[in-house]
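Subject: Structure handover

Hello,

Here is the structure I promised to pass on to you. Please open it next to this message, and then read on for what turned up.

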Amino acid sequence: MTTDRFIRELRRVVPPERVLEGPARLLVYESDALTHFRERPRAVVLPETTEEVVDVVTLCAEHGVPIVPRGAGTGLSGGATPVPGGIVLETARMNRILEIDGPRRIARAQPGVINQHLSDAARPLGLYYAPDPSSQTACSLGGNVAENAGGPHCFKYGATEKHVLAVTVVLPDGEVETFGSENEASAGPDLRALLLGSEGTLGVVTE
């Protein structure tokens with residue numbers, strides 16, 4: 001299967017303008033903020049919904065193409081560095097705050113929401129999102145989840161893992177699962193905690 005054919009197939013499941021290729025367009029995706037390690041991806045895909053993520057992940061699984069999920073690219077650990085022959089699944093367009101429930105102190109959001117934007121949206125309710133990495137004005141919630149990000153507030157309130165009750169994830173075979181519960185306690189192993197800090201290696205978080 002040639003690269004061109006694979007990209008054509010990607011453009012059948014995601015609008016063509018949201019599948020990037022070519023050296024100039026891919027340059028910025030060769031690394032995250034840890035620029036010492038670089039790898040040019042085969043393509044970059046910018047989904048907007050969980051359904052589009054499912055379609056991309058399923059297609060890549062069928063053809064054995066590796067996927068590296070990417071948030072804002074502000075991480076310093078190399079978690080968003082592409083792998084040879086793989087694609088980058090960029091979640092920046094999945095940037096909607098779906099719900100803020102003030103009395104229950106719960107928000108639902110897509111992974112591309114900027115950390116600071118969630119706090120700004122919750123401020124009129126007297127609330128804020130406690131994890132505060134130094135890049136919080138640019139980093140995304142999905143990246144926070146992938147890295148289990150912290151910051152000065154984590155000494156009092158804990159890192160990201162303490163503030164994420166549940167995650168919706170597209171698994172490597174394209175299945176969609178939700179791990180965790182809004183009620184904080186759920187039976188069985190805490191797979192939610194396993195996903196937090198896994199840098200996208202276990203699945204793509206979409207909510």
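This is a predicted model: local features need pLDDT of at least 70, side-chain atom pairs count only at pLDDT 80 or more; totals for chains, interfaces and linings use all residues.

Residues are numbered from 1 along each chain as its sequence is written, and side-chain values use heavy atoms, with hydrogens and water left out.

Salt bridges

What does the side chain of Glu21 meet in a salt bridge? The partner is Arg11, at 3.0 Å from N to O; a salt bridge here is a side-chain nitrogen of Lys or Arg within 4 Å of a carboxyl oxygen of Asp or Glu. This pair links distant parts of the chain, with Glu21 in the loop between strand 1 and helix 2 (23-26) and Arg11 in helix 1 (residues 3-13), 10 residues apart. Helices (H or I, at least four residues) and strands (E, at least two) are DSSP runs, numbered from the N terminus. Arg11 is partly exposed too, at a relative accessible area of 27%.

Arg192 forms a salt bridge with Glu161, and their closest N and O atoms are 2.6 Å apart. That pair also links distant parts of the chain: Arg192 sits in helix 7 and Glu161 in the loop between helix 6 and strand 7, 31 residues apart. Arg192 has a salt bridge with Asp190 as well, the closest N and O atoms being 2.7 Å apart. Arg192 counts as buried because its relative accessibility is 9%, whereas Asp190 is partly exposed at 40%. Elsewhere, salt bridges that share partners join Arg18, Glu48, Glu52 and Arg93 into one network. A search of the whole structure finds 16 salt bridges.

Strand 1 runs antiparallel to strand 2 (residues 43-45), and 2 bridges join them. Leu20 has Val44 of strand 2 as its bridge partner.

Another open sheet is formed by 3 strands in the order 8-7-9, with antiparallel pairing. Here the edges are strand 8 and strand 9 (204-205), each of which pairs on one side only. Between strand 7 (residues 166-170) and strand 8 (residues 176-180) there are 5 bridges. Among the facing residues, Val170 has Val176 as its bridge partner in strand 8, and Val169 stands opposite Glu177. Strands 7 and 8 form a hairpin with 5 residues between them, and Gly174 in the turn has a positive phi of about 90°.

Helix 4

Which residues of helix 4 (residues 115-122) are buried? They are Asn115, Gln116, Leu118, Ser119 and Ala122. These residues lie on the same side of helix 4 because they cover an arc of only 155° around the axis, the arc being that of the directions from the helix axis to the C-beta atoms. Their cover includes strand 5 (97-101), strand 6 (106-109) and helix 5 (141-147).

Loops

Two residues other than glycine are worth a look for their phi. Arg105 has a positive phi of about 55° and lies in the loop between strand 5 and strand 6; with 68% relative accessibility, Arg105 counts as exposed. Asn148 has a positive phi near 50° and is found in the loop between helix 5 and helix 6 (154-157). At 29% relative accessibility, Asn148 counts as partly exposed.

The loop between strand 3 and strand 4 (87-90) holds Ala72, which is partly exposed at 36%. Leaving aside residues up to four places away in sequence, Ala72 touches Ala138, Cys139 and Ser140, where contact means heavy atoms within 4.5 Å. Val83 is found in the loop between strand 3 and strand 4, and Val83 touches Glu39, Pro66 and Val68 by that count.

Enjoy exploring it!

Best wishes

Note on methods:
Buried means under 20% relative accessible area, exposed over 50%, partly exposed in between (1.4 Å probe, protein chains only). Two strands pair if DSSP finds at least two bridges between them.
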